[in-house]
Amino acid sequence: MKAFEYITVTGNLPYPDMEIADVQAFIRLAQILDASCIFVTMEAQKEKQVLPASFYFLDDRTLYKLKAAGYRTLDDYADASRLFFPDSESWYDAKKTGFTSFKEYDECRKAGTTDKSAYAKAIRLGFIEHYNSFCEKYEKQKQTAPKNFNREECTSALQLMEHAAALGFKDYADFDKAFFLGFNNQAEWDDAKKKGFANAAEYRDAAGMGITTPKEYHEAKHNGIATKQEYDKFIFLKRAAHNRYSFDQAHLINALKMYENGKKLPLKKLRELLHSQQEGYMIKNDNRESSLPSWYTVRLNTDDDYKSLLLNNAELSNHGMFDEEGEYYEVKRILDNKIFIDGANVAHGGINRDEHAKPKLSNILVIAQELKKMRFKDIVVISDASLRHRVIDKNIYDQLKKEVTYLESPAATSADEFLIECAKKEKCYIVSNDTFRDWKRKDPWIAENIDRLRIPFMIVQGKATLSIEDIHEKTAS
């Protein structure tokens with residue numbers, strides 16, 4: 001393009017003028033007429049800038065005129081026109097930020113920026129490609145989106161990318177999955193995936209209940225259970241009931257199995273015993289009134305219900321007898337004073353054992369203290385030699401030894417083998433949640449006897465609960 005000399009003039013030029021509408025035509029005409037000087041009139045524009053108002057050149061006493069449209073030079077005007085820029089403002093902004101075409105500049109501006117590097121990043125992470133589909137999807141599924149999402153703050157692809165990045169998402173694909181499942185951030189989404197939750201609503205509801213797995217959550221919701229503590233109680237009774245008893249029957253059976261030997265309990269006392277067991281399961285309603293939870297199954301309503309259970313239940317018949325004439329249950333069981341504790345199993349104890357948790361001597365201590373309440377005088381803990389060195393509370397070892405006899409298996413013998421041999425020899429109960437499945441396969445005596453000698457346990461918030469399940473008279477090997 002021919003180089004022009006620009007001369008700024010003021011006032012009206014005393015010649016008739018002809019306005020040219022197109023910059024390319026204006027330049028071509030100036031070249032044909034061999035114009036070398038371009039007159040420029042100026043005007044103040046926004047932000048107090050003084051810019052060309054019009055370009056002129058004179059030929060044969062006729063002024064040829066082109067409105068400047070905000071361009072500083074004809075070169076700028078021509079280049080902007082050739083690259084399809086619609087106005088001078090976008091042209092100069094594009095030049096300043098390094099864009100060479102209006103299409104690229106316009107797409108970037110629509111994405112919410114004029115920063116080429118930010119735009120390139122938004123392309124690479126998928127936000128440019130998927131922004132429109134996100135908008136459509138959001139309108140259809142906004143009820144599943146996070147409640148704290150402000151749509152008005154994400155009106156461009158770049159704003160959406162910045163929002164996702166602030167929440168820890170690495171790209172659009174990961175953001176899209178988590179967002180429409182209702183998750184607030186990447187960390188929450190990762191934790192939910194690790195635990196197996198399918199959506200944020202269930203994940204947060206479970207967290208509020210103190211529950212960490214979908215299986216527990218769905219079982220709890222199905223049974224109208226509100227907290228992890230209540231769920232643990234439900235599971236404990238469910239296991240005690242064996243799908244054979246109602247929960248009140250399981251409660252009474254367990255209580256009678258543990259009741260002091262030789263005592264006679266009339267029906268009134270049996271009702272009181274059951275009610276005392278149920279106290280820890282009562283839930284207060286909105287009126288602060290206490291009642292058993294809806295999941296707690298009940299069959300013991302009348303005296304005849306109690307009599308039928310006491311007369312016909314095989315488990316109770318091995319712990320005592322019901323005198324129909326006197327209408328009382330007499331506890332008659334043969335219990336040794338000696339009982340073994342599976343040291344490693346109890347040290348790792350709890351209804352939901354964490355395989356990565358450190359063992360605790362305090363678990364053994366609370367079990368031993370509960371056994372003493374049951375009149376067990378000779379309590380023997382059997383473990384391997386390493387247990388007391390692996391526990392997190394070594395400081396209570398001396399206190400534990402005052403409560404129990406603490407035995408470590410011989411160097412060439414595993415703790416389980418030592419425990420099994422002691423049980424076979426002395427035929428004592430064993431406190432353990434280990435079912436000794438491998439031992440049942442290789443030792444007929446264990447297969448026949450261990451289930452009625454083993455006492456399962458539960459430790460919740462530092463308190464121990466023991467349940468003797470399916471234990472009949474202890475028999476010799």
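Guide: In this predicted model, rings of Phe, Tyr and Trp, the last taken by its six-membered ring, count as a pair if their centres lie within 6.5 Å.

Visitor: Which residues form one aromatic cluster together with Tyr138 and Phe179?

Guide: A pair of aromatic rings is described by the distance of the centres and the angle of the planes. The structure holds 37 aromatic pairs. Besides Tyr138 and Phe179, the members of one aromatic cluster are Phe127, Phe134, Phe149, Phe169, Tyr172, Phe175 and Phe180.

Visitor: Are the rings of Tyr138 and Phe179 stacked, edge-to-face or tilted?

Guide: Planes under 30 degrees apart count as stacked and those over 60 as edge-to-face, with the rest called tilted. The rings of Tyr138 and Phe179 have centres 6.3 Å apart and planes at 45°, so the pair is tilted.

Visitor: What is the relative accessible area of Phe179?

Guide: Buried means under 20% relative accessible area. Tyr138 is buried, with a value of 10%, and Phe179 is also buried, its relative accessible area being 2%.

Visitor: Where does Trp295, the partner of Phe247, lie?

Guide: Phe247 and Trp295 form an edge-to-face pair, 5.7 Å centre to centre with 70° between the planes, and both residues are buried.

Technical notes: Residues are numbered from 1 along each chain as its sequence is written. This is a predicted model: local features need pLDDT of at least 70, side-chain atom pairs count only at pLDDT 80 or more; totals for chains, interfaces and linings use all residues. Side-chain values use heavy atoms; hydrogens and water are left out. Buried means under 20% relative accessible area, exposed over 50%, partly exposed in between (1.4 Å probe, protein chains only).
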